[in-house]
Amino acid sequence: GGGMKKHLSVFELAARGAVYKTLAVGLAAAAAIFALLAGLDDVENLADVLTGLTLPYEGANGLPSAALAGAAYGAGMVLLYFLLARSLAPRRGVNPDATFRRLLIPEREAAYIQVFVHTLCFAVYRALALAAYLGFSAWFVARSGPYANDGMSVFFAAYKSLPLHTLLPLGSLYEGVHAAASCLMCGVGSVALSFWRRRRMVSGVGVAAGFVLVLTHFLRTEGGELHMIFVFLELVLVAAGLAGSFRDTIADEREAASA
């Protein structure tokens with residue numbers, strides 16, 4: 001019906017800008033990850049290559065580039081967050097709130113649709129990064145010695161080594177929750193930032209989500225209580241954002257007055 005059509009038009013509007021940004025950042029990050037990992041010399045074991053960070057003999061095999069690959073993944077995620085936060089935000093003095101009024105669905109509903117789109121974008125970004133890790137793993141296994149690495153090495157690496165374990169959370173419920181919560185938190189936070197920017201204000205949830213995003217991607221430890229606290233924080237921000245970020249009482253009054 002008409003309602004469905006209106007919602008679809010918001011979906012298209014939200015997706016239009018976001019998809020290009022996601023593909024641009026995702027493909028750039030994937031290329032950087034692959035290039036950095038492929039630059040490693042004479043490392044025999046795939047899990048060692050991918051782990052990089054947690055090896056005791058840091059530096060012996062030029063392994064910091066594995067850490068750099070992890071940093072490239074994190075940096076891409078943060079960059080995408082700030083790019084998507086600018087979607088449907090005022091730019092060069094043009095405020096898109098008129099567009100929303102034309103769409104004839106409440107701006108809050110439009111925000112939820114945009115959250116859905118942005119959450120998908122972060123999932124796509126993660127998938128592109130994962131593809132780079134798995135692509136590198138396949139390439140590494142194909143050119144390593146006959147008994148050195150096989151499919152099991154990839155499997156083992158996904159259990160153990162960060163950030164592959166983050167991207168492909170085998171055997172860890174927390175990592176699975178972290179994966180989903182990260183994408184959702186980034187979706188909610190980026191939309192909250194643009195929602196309040198249209199009102200010339202800053203979203204607390206949006207800023208907090210940005211901080212948590214940076215902390216979870218750059219201060220990443222194996223398991224650990226700290227990581228659980230971060231996962232909990234992500235879930236709190238998602239709940240707070242979905243419940244409270246898109247309520248603008250002034251807008252409700254404005255809408256009531258114009259009705």
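Biologist: Which residues make the nonpolar surface patch?
Modeller: In this predicted model, Met4, Leu8, Phe11, Phe116 and Leu120 form a nonpolar surface patch of about 480 Å².

Biologist: Which helices supply at least two residues each?
Modeller: Those are α1, spanning 2–38, and α5, spanning 107–143. Helix α1 gives the most, with three residues.

Biologist: And Leu8, where is that placed?
Modeller: Leu8 lies in helix α1.

Biologist: Turning to the fold, how many helices and strands does the chain have?
Modeller: There are eleven helices and zero strands.

Biologist: At what angle do the axes of α3 and α8 cross?
Modeller: The axes of α3 (residues 64–85) and α8 (residues 173–197) cross at roughly 35° and come within 8 Å. This crossing of α3 and α8 is right-handed.

Biologist: Which residues make that contact?
Modeller: From α3, the contact uses Met77, Tyr81, Leu84 and Ala85. The residues from α8 include Ser182, Cys186, Gly189 and Leu193, with Arg197 also among them.

Biologist: What share of the chain is buried?
Modeller: Of its 259 residues, 47% count as buried.

Biologist: And the accessible surface, what does that come to?
Modeller: The chain has about 12,700 Å² of accessible surface, and carbon and sulfur atoms hold 69% of that.

Methods. Residues numbered from 1 in each chain as written. Predicted model: local features only at pLDDT ≥ 70, side-chain atom pairs only at ≥ 80, totals over all residues. Heavy atoms only, no water. Patch = residues over 30% accessible without salt bridge, like charges linked within 9 Å, V, L, I, M, F, W, Y side chains within 5 Å. Areas by Shrake-Rupley, 256 points an atom, 1.4 Å probe, with all protein chains shown as cover. Salt bridge = Lys/Arg side-chain N within 4 Å of Asp/Glu carboxyl O. Helix = DSSP H or I, 4+ residues; strand = E, 2+ residues; numbered from the N terminus. Axes fitted to C-alpha atoms, helices over the stretch in contact; angles between N-to-C directions. Left-handed = near helix turned anticlockwise from the far one by under 90°. Contact = heavy atoms within 4.5 Å. Buried < 20%, exposed > 50% of the residue type's maximum accessible area, 1.4 Å probe, protein only.
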